[in-house]
Amino acid sequence: MIYPARILRLRVRNVKNENAQDASFEDICVVMPGMIARFNGPDIWSLLEGWFQEVQSRKWEWQTQEGSEGSSHGKLPCQLWNVSKYGLCADAAITGIMPPPLMELQSRQRYYCAVTIGEDAVISAYRLSEDRSRSLVGTILSKVVPATFSTLASFSKMIWRNEQVSTRKSDTPQPFAKASPLTCLKDHPRKGEKLTLSPSGTLAAITDSLGRILLLDTQALVVVRLWKGYREACCLFTEMLVGKNASASSTYYEPKKSDYCLCLAIHAPRKGIIEVWKMRTGPRLLTIQCAKGSKILQPPPRFGSPGFSSQYIPLEVFVLNGDSGQISVLN
């Protein structure tokens with residue numbers, strides 16, 4: 001439906017709605033080699049709901065062969081960007097909304113920041129535009145080329161009197177929107193392997209092929225922390241009660257969101273340990289010995305209304321024991 005390429009990663013993140021207070025929606029990011037696609041969760045929900053109602057009413061039995069090739073509810077709205085300027089990406093993420101470039105006309109179009117990692121560039125960042133014709137050249141081409149082509153086609157019909165029936169238009173991949181490169185970090189022979197995004201999208205933990213972990217500030221596009229000696233590491237962000245909040249917690253007190261601190265859990269399989277570090281520049285809070293073959297896991301984000309439960313549910317990380325198969329909570 002989007003592009004004929006292999007999907008490397010699916011990312012889902014809750015984003016606050018600017019128009020409505022205390023409301024959020026799901027932001028879906030699809031990562032392909034050298035490409036990023038973005039969807040709005042409500043659009044996917046509406047399309048699936050339409051398909052479900054169509055199946056329930058059995059309208060598909062009365063559709064013609066031509067109508068059954070595509071959805072009667074229209075195409076799924078999405079944006080698609082080419083981010084292969086610095087090589088094909090092994091992983092990527094859309095971190096959030098960013099301000100427009102200098103000297104750019106203000107419009108209703110949004111700009112997103114995307115961070116990619118790969119073999120050629122350990123870290124690269126792009127400014128993604130929703131509009132496919134932001135540049136002056138693109139605007140001219142979008143206006144002039146169709147008119148010129150239409151004029152030439154009409155003129156050729158007048159000369160050749162071509163009465164042949166045109167074949168059905170084949171489906172073509174969606175055109176790319178504008179992606180402007182912002183920065184690039186090349187450190188051969190290091191290669192980017194995994195990218196983990198924080199819940200707010202302001203931090204990204206990046207592992208490379210030589211055992212280094214980079215903590216990237218996605219808003220300033222600056223590396224703010226560095227760990228070494230963690231080969232084949234896996235990183236997940238978590239929230240933990242730190243300091244007096246952890247010791248003062250009781251059965252009569254429900255911790256609030258402000259009581260939790262953002263941390264990074266690092267699983268080093270070669271060392272056989274799991275470490276938890278306080279973000280951004282805090283100390284190491286916890287070190288756990290783990291069996292060989294253990295993994296750290298994280299459930300998908302919880303969707304729904306924020307007011308469904310008064311108790312705040314922190315971001316959790318689970319540890320799967322490779323020997324016994326037991327699952328425990330790291331928090």
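Me: Is Asp187 buried, partly exposed or exposed, and what is its relative accessible area?

Reply: The model is a predicted one, and the values that follow are computed from it. Buried is taken as under 20% relative accessible area and exposed as over 50%, with partly exposed in between. Asp187 falls in the middle class, and is therefore partly exposed, with a relative accessible area of 27%.

Me: With which residue does Asp187 form a salt bridge at 3.4 Å, and which residues are joined with Asp187 into one network?

Reply: The closest N and O atoms of the pair are 3.4 Å apart, and the rule asks for a side-chain nitrogen within 4 Å of a carboxyl oxygen. The partner of Asp187 in this salt bridge is Arg190. Salt bridges that share partners extend the pair into one network, whose members are Asp187, Arg190, Asp208 and Arg212.

Me: How many residues apart in sequence are the parts that the salt bridge between Asp91 and Arg11 ties together?

Reply: The side chains of Asp91 and Arg11 meet with an N to O distance of 3.1 Å, and both residues are buried. Asp91 belongs to strand β5, whereas Arg11 belongs to strand β1, which covers residues 9–16.

Me: Which strands does the salt bridge between Arg38 and Asp27 tie together?

Reply: In this salt bridge the closest N and O atoms are 2.7 Å apart, and both Arg38 and Asp27 are buried. Because Arg38 lies in residues 35–40 and Asp27 in residues 24–32, the pair links parts that are eleven residues apart in sequence, namely strands β3 and β2.

Me: Which strands are the edge strands of the open sheet of four strands?

Reply: The order in this open sheet is β5-β6-β7-β8, with antiparallel pairing, and the twist averages 20 degrees from one strand to the next. An edge strand pairs on one side only, and this holds for residues 89–97 and for residues 179–185, which are strands β5 and β8.

Me: Which residue of β7 is the bridge partner of Ala114?

Reply: Ala114 stands opposite Ile94, and seven bridges join β5 to β6 in the antiparallel sense. Strand β6 (residues 111–118) also pairs with strand β7 (residues 123–129), again antiparallel, over six bridges, and a hairpin of four residues joins β6 to β7. In β7, the bridge partner of Ala114 is Tyr126.

Me: How many of the eight residues of β6 are buried?

Reply: Tyr111, Cys113, Val115 and Ile117 point one way from the strand, while Tyr112, Ala114, Thr116 and Gly118 point the other way, and all are buried. Strand β6 is therefore largely enclosed by the rest of the structure, the buried count being eight of the eight.

Me: How many disulfides does the structure hold?

Reply: A disulfide is a covalent bond between the sulfur atoms of two cysteines. Among the cysteines, Cys78 is buried with a relative accessible area of 8%, and Cys290 is buried with 16%. The number of disulfides in the structure is zero.

Me: What is the area of the nonpolar surface patch made by Met1, Leu48 and Trp51?

Reply: Trp51 has its place in helix α1, which covers residues 41–56. With a relative accessible area of 33%, Trp51 is partly exposed. Together with Met1 and Leu48, Trp51 makes a nonpolar surface patch of about 370 Å².

Note on methods:
Residues numbered from 1 in each chain as written. Predicted model: local features only at pLDDT ≥ 70, side-chain atom pairs only at ≥ 80, totals over all residues. Heavy atoms only, no water. Pairing = 2+ DSSP bridges. Helix = DSSP H or I, 4+ residues; strand = E, 2+ residues; numbered from the N terminus. Axes fitted to C-alpha atoms, helices over the stretch in contact; angles between N-to-C directions. Patch = residues over 30% accessible without salt bridge, like charges linked within 9 Å, V, L, I, M, F, W, Y side chains within 5 Å. Areas by Shrake-Rupley, 256 points an atom, 1.4 Å probe, with all protein chains shown as cover. Buried < 20%, exposed > 50% of the residue type's maximum accessible area, 1.4 Å probe, protein only. Disulfide = S-S within 2.5 Å.
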